[in-house]
Amino acid sequence: KRHYINDAGTGNTVNVAHPRVLQLVLDSLRYWVKYMHVDGFRFDLGTVLGREPHGFDSGAGFFDALLQDPVLANTKLIAEPWDIGLGGYQLGQFPSRFSEWNDRYRDTVRKVWKGEVGLLPEFADHLLGSSSVFEWQRGRAASASVNFITSHDGFTLLDLVSYADKHNEANGEENRDGHGANYSSNGGVEGRTKDPAINAQRRRRQRNLLTTLMVSQGVPMLLAGDEIGNTQNGNNNAYCQDNEIGWIDWHARRSDRAMQAFVSQLVHLRKTQPVLRRSHYMHGTSLSEGYGVADVAWFDANSQPMSDQDWQNSGNRVFALQLAGDALERPEDGEIGDTLLMVFNFGEQAVDYKLELLPKTGTSWQLLIDTFGDISQPSELFGSMLVRADSVVIARCYN
């Protein structure tokens, strides 16, 4: 008698706990590496791979076999750390060589920029690599967190700021399919509009989300097409749409080339500033001899250190993160680089942020990113900088 288990939600589940099935999977992976020259694997519904007869096990036979294999052990390994079976949500529980899709990051960042309050501690934790999720496990570096705002499942970035609800009618399931908790917003009008104020807000929200993604510790993941304003017309489950809904038209006249240039600017910032790519977690400690500067520091709207009350104050809509370029824990972390200041304004009022009140980490300040506009040209700052409502500003301090 046969018993079928459907932990994947897409049909009966392959039983990798069986020796012959395990051999089949590993042989297949080795073939892809040796002969197809792939760099690694992203495992959809990855919890299935760790299921033993008693449930998910981070020390499952598949993981042991994979990580000791001389061909596979050094490939890039990424898990979607959930399936639909009992105990299927396993974020943070995969072996140390894995990076994991971090949906807690996705949801918290979406909620904050949508306007939800009381989330500053969680938002700050995710900016620094989601230490609360990954650090406690031995061997988990900040790269364990794959940070993302959007993926092939769900809204595109443009749709995330253009639709309050999913619109999956074209899928033929009476709009019952697709995720219901999207934490999206539309700025006042559902879908496309010619209202210049709403479109300006949507573009700014996209820049805010992209900037947050690219300055967070961990591994940033960008959904293809988001950099040019791709839309699925509010469909958040377009797997079945082999047509204009699901396609990306890279040459469309509506392509947002200004957003593409802004994303390129963010990528350049991340590549040239080592402090955005630390391998270790930062906890506000001074790590370099001769410097009195902490590796990370948090400041309120008045350039003062954040207090416990500030963190719990739901009315606190402005805060700043300073990453010290001279605070290295290990030489292998790379160049020292610049100290970066990121000011997040989730509120409705502009702030004239006082730079001269911050701890001295250099002699000059330069504006690098301002999400209020499409492109920020680096410019010198003198004493303060304007952080307008619903925006992020990034500056560097250097000698």
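## Salt bridges

Counting as a salt bridge any side-chain nitrogen of Lys or Arg within 4 Å of a carboxyl oxygen of Asp or Glu, the structure holds 15 salt bridges. This is a predicted model, in which local features need pLDDT of at least 70 and side-chain atom pairs count only at pLDDT 80 or more, while totals for chains, interfaces and linings use all residues. Residues are numbered from 1 along each chain as its sequence is written, and side-chain values use heavy atoms, with hydrogens and water left out. Side chains of opposite charge can pair when their charged atoms come close.

One of these pairs joins Arg 30 to Asp 27, with 2.4 Å from N to O. Both residues belong to helix H1 (residues 19–34), where they sit three residues apart, about one turn of the helix; helices here are DSSP runs of H or I with at least four residues, strands are runs of E with at least two, and both are numbered from the N terminus. Arg 30 is partly exposed at a relative accessible area of 22%, and Asp 27 is partly exposed at 37%, where buried means under 20% relative accessible area, exposed over 50%, and partly exposed in between, with a 1.4 Å probe and protein chains only.

## Further charged pairs

A salt bridge of 2.9 Å, N to O, connects the side chains of Arg 388 and Asp 370. This pair links distant parts of the chain, since Arg 388 lies in the loop between strand S14 (384–387) and strand S15 (391–398), whereas Asp 370 lies in strand S12 (residues 364–370), 18 residues apart. Arg 388 is partly exposed, its relative accessible area being 29%, while Asp 370 is buried at 10%.

Glu 174 and Arg 176 also meet through their side chains in a salt bridge, at 2.8 Å from N to O, and both Glu 174 and Arg 176 are exposed.

## The parallel sheet

Strands of a sheet pair through backbone hydrogen bonds, either parallel or antiparallel. Five strands form an open sheet with parallel pairing, in the order S1-S4-S5-S6-S7, where two strands pair if DSSP finds at least two bridges between them. At the edges stand strand S1 (40–43) and strand S7 (219–221), each of which pairs on one side only. From one strand to the next the twist averages 25°, with axes taken as lines fitted to C-alpha atoms, for helices over the stretch in contact, and angles running from 0 to 180 degrees between N-to-C directions.

Strand S6 (residues 145–148) runs parallel to S7 and is joined to it by three bridges. Within this pairing, Val 146 has Val 219 in S7 as its bridge partner.

## The antiparallel sheet and its helices

Strand S10 (residues 339–345) and S15 run antiparallel and are joined by seven bridges, with Leu 340 standing opposite Arg 396 in S15.

## A helix pair

Helix H3 (residues 103–114) packs against helix H7 (residues 196–215) at an angle of about 140°, their axes being 11 Å apart. On the H3 side the contact is made by Tyr 105, Val 109, Trp 113 and Lys 114, and on the H7 side by Arg 205, Asn 208, Leu 209, Thr 212 and Leu 213. These residues divide into five nonpolar, two polar and two charged, with Ala, Val, Leu, Ile, Met, Phe, Trp, Tyr, Cys and Pro counted as nonpolar, Asp, Glu, Lys and Arg as charged, and the others, Gly among them, as polar.

## Positive phi in two loops

Ser 130, in the loop between H4 and helix H5 (131–134), has a phi near 60°, a positive value in a residue other than glycine. Ser 130 is buried, with a relative accessibility of 0%.

Asp 390 lies in the loop between S14 and S15, and its phi is near 55°, again a positive value in a residue other than glycine. The relative accessible area of Asp 390 is 9%, which counts as buried.

Key: Contact = heavy atoms within 4.5 Å.
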